[in-house]
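These are my notebook entries on a structure I was asked to look through. I record each item in the order in which I looked it up.

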Amino acid sequence: MSPTPEKAARADAARAHAGGRAAAGDPGSARAVAALTVENLEVIYDQVILVLRGLSLEVPAGEIVALLGSNGAGKSTTLKAIAGLLPTEHGEITDGSVRLDGQDITRMDAAARVRRGLALVMEGRRVFVHLTVHENLVAGGYTRGARAGYERVYEFLPVLAGLRSRVAGYLSGGEQQMLAIGRALMSDPRLLLLDEPSLGLAPRLVDEVFGVIQRLNTELGLTALLVEQNARRALAVAHRGYVMEAGRIVLEGAAADLADNPDVKEFYLGLGDAGARRRYRDVKHYKRRKRWL
Ligand code: ATP
């Protein structure tokens with residue numbers, strides 16, 4: 001099936017946005033940019049807990065797509081399903097499909113997905129705390145065999161170069177997040193899945209992390225699916241966004257349109273009518289009252 005003119009134009013724009021580097025179909029590029037399609041995904045934990053209920057989303061090549069939603073909506077489960085990590089948590093895809101560049105990867109194991117260019121930066125900066133920064137990076141490159149891509153990572157994240165001999169467990173939260181991103185980059189991904197990378201970081205570090213996410217896209221040409229509680233910042237760096245509730249997508253659109261949407265403002269940006277910032281408690285009550293479903 002040929003793409004709609006709108007989709008083709010979006011993909012072209014994304015490639016241009018990615019600086020033309022590694023553009024799909026570009027004969028000079030070593031690796032084509034990745035596109036992800038998730039269709040009608042259903043996920044069940046422990047054979048009884050239905051968490052994703054027919055979730056569909058698309059991440060066009062070269063774009064950053066934000067996935068927003070309240071606690072427990074199923075955002076992390078979505079990323080784990082895409083990365084192939086559900087079996088370790090007794091989770092299972094029971095319906096639907098995940099495709100990377102059109103190829104069905106729904107039943108592929110996690111390591112094979114990494115080899116195809118998919119990497120996940122998990123929530124909570126899961127670095128190897130007893131290893132040094134450099135050893136963490138080497139471990140991240142394991143699936144790529146002997147390829148020592150760490151010089152490229154140090155170049156992209158110079159802060160890590162200065163910390164290469166430090167034990168990861170003693171790094172600050174922000175430094176650990178950079179290391180988690182650097183470790184994911186070691187597998188030379190084309191599609192990066194990021195689970196709440198700004199969680200628990202001080203505002204200055206949040207700025208740094210979002211700056212890095214933007215550079216991943218503009219300088220390295222990576223496609224990214226970004227799960228974030230910080231909706232304002234996520235929509236500022238993303239091209240498009242989705243809002244999910246109770247295992248389904250309930251809203252989607254261009255990032256700028258979503259940031260302007262009254263419901264998104266109220267739910268996720270803490271802004272009421274006339275742009276007045278509301279207290280979190282008010283928003284929380286509102287959240288309970290109002291559902292899209
Ligand atoms: P948060 O923003 O709080 O991280 P989330 O949107 O990422 O939430 P998930 O972590 O995907 O949501 O969880 C979705 C639902 O699935 C929740 O009700 C959660 O309790 C349940 N769940 C998640 N992991 C498991 C698991 N391993 N076994 C059973 N239930 C799980």
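**Two loop residues with positive phi**

I located Asp-101 in the loop between strand 4 (91–100) and strand 5 (103–104). The model I am reading is a predicted one. I looked up the backbone of Asp-101 and found phi near 50°, a positive value in a residue other than glycine. Most residues other than glycine have a negative phi, and I therefore noted this one.

Asp-46 sits in the loop between strand 1 (36–45) and strand 2. I recorded 9 other C-beta atoms within 10 Å for Asp-46; a residue with 12 or fewer counts as exposed, so Asp-46 is exposed.

**Ligand shell**

I listed 14 residues around the ligand, the closest being Tyr-45, Asn-71, Lys-75, Ser-76 and Thr-77. Strand 2 (49–59) and helix 2 (75–83) are the elements that give two or more residues to this shell. Helix 2 gives the most, with three residues. Sorted by class, the shell around the ligand holds four nonpolar, seven polar and three charged residues.

**Helix 7**

I compared the length of helix 7 (residues 173–185) with expectation. At 1.5 Å a residue, its 13 residues should span 18 Å, and because the end C-alpha atoms are 18 Å apart, the two agree. I then asked how covered the helix is: 12 of the 13 residues of helix 7 are buried. Among the buried residues of helix 7 are Glu-175, Met-178, Ile-181, Arg-183 and Leu-185. I traced what covers the buried residues of helix 7, and the cover includes strand 6 (118–121), helix 4 (133–140), helix 5 (150–156), helix 6 (158–161), strand 7 (191–195) and helix 8 (203–218).

**Nonpolar core**

I found 71 residues in the largest nonpolar core; Val-65, Leu-67, Leu-192, Leu-193, Ala-224 and Leu-226 have the most contacts inside it. Helix 7 supplies the largest share of this core, six residues. Domain 1 (5–254) and domain 2 (261–293) each contribute at least three residues to this core. In soluble globular proteins, nonpolar side chains tend to be buried together.

Leaving aside its neighbours within four places in sequence, Val-65 is in contact with Val-59, Leu-225, Leu-226, Ala-238, His-239, Arg-240, Gly-241 and Tyr-242.

Key
Residues are numbered from 1 along each chain as its sequence is written. This is a predicted model: local features need pLDDT of at least 70, side-chain atom pairs count only at pLDDT 80 or more; totals for chains, interfaces and linings use all residues. Helices (H or I, at least four residues) and strands (E, at least two) are DSSP runs, numbered from the N terminus. The expected span of a helix is 1.5 Å times one less than its number of residues. A residue is buried if 20 or more other C-beta atoms lie within 10 Å of its own, exposed if 12 or fewer, and partly exposed in between; C-beta atoms are placed from the backbone. Two residues are in contact if their C-beta atoms, placed from the backbone, lie within 7 Å. A residue is near a molecule or strand if its C-beta atom, placed from the backbone, lies within 6 Å of it. Ala, Val, Leu, Ile, Met, Phe, Trp, Tyr, Cys and Pro count as nonpolar, Asp, Glu, Lys and Arg as charged, and the others, Gly among them, as polar. A nonpolar core is a set of buried Ala, Val, Leu, Ile, Met, Phe, Trp, Tyr and Cys residues joined through C-beta atoms within 7 Å. Domain bounds come from an automatic or database domain assignment.
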